[in-house]
Amino acid sequence: MTYKLIGEKGAITLRFRDVEGRAELSSVYVRLFRNAWGPVTKSVDDYRTLIPQDKQDGLEVKQTIAELGMPKSIYAHKPVKGKVDSLLLEYSTTDNMTVSLFFYEVNGLYRLKSMMTSTV
């Protein structure tokens with residue numbers, strides 16, 4: 001199921017799977033249109049500095065969005081009943097790349113663990 005967000009800001013897609021005859025939410029994908037995520041101000045290197053080193057806890061999702069602004073897309077996946085495997089936030093960079101930030105659950109909070117880059 002895909003729905004447009006109010007004000008032409010983007011779209012949200014909900015995917016379901018059958019679990020014992022019942023529909024269960026398995027993933028959520030939010031794609032924001034360019035006018036909803038603001039100016040691109042950071043390079044790939046700026047994002048690399050956010051990745052935790054050694055045994056540090058990474059930034060929490062809310063804190064990341066507060067510091068970086070709205071991402072161009074958000075993806076949450078729940079492969080097993082009752083458990084979210086990961087959250088992903090994607091941002092554009094000043095060097096014409098896309099940075100994917102991966103968050104995993106740590107003590108009930110989703111914290112930044114790693115990143116991947118790709119060309120736009």
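Predicted model: local features only at pLDDT ≥ 70, side-chain atom pairs only at ≥ 80, totals over all residues.
Local features need pLDDT of at least 70, side-chain atom pairs count only at pLDDT 80 or more, and totals for chains, interfaces and linings use all residues. Residues are numbered from 1 along each chain as its sequence is written, and side-chain values use heavy atoms, without hydrogens or water.

The chain holds three helices and seven strands. These are DSSP runs, numbered from the N terminus: helices are H or I with at least four residues, strands E with at least two. Their order along the sequence is β-β-β-α-α-α-β-β-β-β. The C-alpha atoms fill a box of roughly 45 × 40 × 25 Å along the principal axes.

Of the 120 residues, 37% are buried. Buried means under 20% relative accessible area, exposed over 50%, and partly exposed in between (1.4 Å probe, protein chains only). The largest nonpolar core has 16 residues. Such a core is a set of buried Ala, Val, Leu, Ile, Met, Phe, Trp, Tyr and Cys residues joined through side-chain atoms within 4.5 Å. Tyr 47, Leu 101 and Phe 103 touch the most other members. Beyond its neighbours within four places in sequence, Phe 103 is in contact (heavy atoms within 4.5 Å) with residues including Leu 59, Val 61, Leu 89 and Leu 112.

Phe 16 lies in strand 2 (residues 10-19). Phe 16 counts as partly exposed because its relative accessibility is 42%.
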